[in-house]
Amino acid sequence: MHSHSSTVGSRQSLPTLALLIAISGLLFAAAALAVPPPLPDQYGNEAGMDKFKGEPVVVYVTSLTELPNLGKWEEAIRPQVPNMNSMDIGDIDTTSGMTVGLVKRELKKHVPDGVSVYIDEENLWAKEYDLNLDDPNILFFDESHTLVKTLSGKPKDDELLKEVIAEAKKMFPESEETG
């Protein structure tokens, strides 16, 4: 009889076991979203989100063919959120024959001095965050560099622009001036 109650008990524990497996799978999936490692910029400097340790960051990720839209996003947002931390990441399609050297030369020609565009030749950001690179992606990370929101599109979309600015203002409230 003892073995019978053991069988009944294990049948009752099957739903519990299934729930535990599902929860551990969710925890594993959440933990899998790790911030990609530092990337090189067009000047040969390497950096990543670690340069903003303990601070929120807005990361723009796009294919290099959409790179002009990164500048448009900055131009649209920066005046309204001047204290925003941001990184620009250009994703290279190396299968197209584009080389890192060519990309670096082009970036140096077309991007203002001192503005770094980090070159992702292994598609690390697109893969890690499941990004569609047909449009620019705007990723919002909190102080612990946990992804809190992802938006995608071009800055000419007024509703999207309002949403991006509102999210950036929440993350980077202006400090009150004391007089």
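Colleague: Among contacts in the chain between residues at least 6 apart in sequence, what share joins residues at least 24 apart?

Modeller: The share is 70%, where contact means heavy atoms within 4.5 Å. The model is a predicted one, in which local features need pLDDT of at least 70 and side-chain atom pairs count only at pLDDT 80 or more, while totals for chains, interfaces and linings use all residues. Residues are numbered from 1 along each chain as its sequence is written, and side-chain values use heavy atoms, with hydrogens and water left out.

Colleague: How many helices and strands does the chain have, and what makes a run count as one?

Modeller: There are five helices and seven strands. They are DSSP runs numbered from the N terminus, helices being H or I of at least four residues and strands E of at least two. Along the sequence their order is α-β-β-β-α-β-α-β-α-β-β-α.

Colleague: Why is Ala-126 called buried?

Modeller: Ala-126 has a relative accessible area of 11%. Buried means under 20%, exposed over 50%, and partly exposed in between, with a 1.4 Å probe and protein chains only; Ala-126 is therefore buried. Of the 179 residues in the chain, 37% are buried.

Colleague: Which phi values do Asp-130 and His-145 have?

Modeller: Phi is near 50° in Asp-130 and near 60° in His-145. Each value is positive in a residue other than glycine. Asp-130 is found in the loop between α4 and β6, and His-145 in the loop between β6 and β7 (147–152).

Colleague: Are these two residues buried or exposed, and how do you know?

Modeller: Asp-130 has 71% relative accessibility, over the 50% limit, and so counts as exposed. His-145, at 14%, is under the 20% limit and is therefore buried.

Colleague: Why are the buried residues of α2 said to line one face of the helix?

Modeller: The buried residues of α2 are Leu-67, Asn-69, Leu-70, Trp-73, Glu-74 and Ile-77. Seen down the axis, they fall within an arc of 150°, so they line one face of α2; the arc is that of the directions from the helix axis to the C-beta atoms. An α-helix has 3.6 residues a turn, so residues three or four places apart point the same way. The face turned away from the buried side carries the exposed residues Pro-68 and Glu-75. The buried residues of α2 pack against β3 (57–63), β4, α3, β5, β6 (137–141) and α5 (158–171).

Colleague: What puts the buried residues of α3 on the same side of that helix?

Modeller: Val-100, Val-103 and Leu-107 are the buried residues of α3. Their arc around the axis is only 60°, which puts them on the same side. Arg-105 and Lys-109 are exposed on the face turned away, and the buried residues of α3 pack against α2 and β5.

Colleague: How much space lies in the largest pocket, and what makes it a pocket?

Modeller: The space is about 690 Å³. Of its 33 lining residues, the closest to the centre are Leu-67, Leu-70, Leu-107, Val-111 and Val-117. On a 1 Å grid over the protein atoms alone, a pocket is an open set of points with protein on both sides within 12 Å along at least five of seven lines, whereas a cavity is a set where a 1.4 Å probe fits but cannot get out; lining residues have an atom within 4 Å of a point. Grid points are joined across faces, edges and corners, and a volume is the space filled by probe spheres set on the points.

Colleague: Which element supplies the largest share of that lining?

Modeller: The largest share, six residues, comes from α2.
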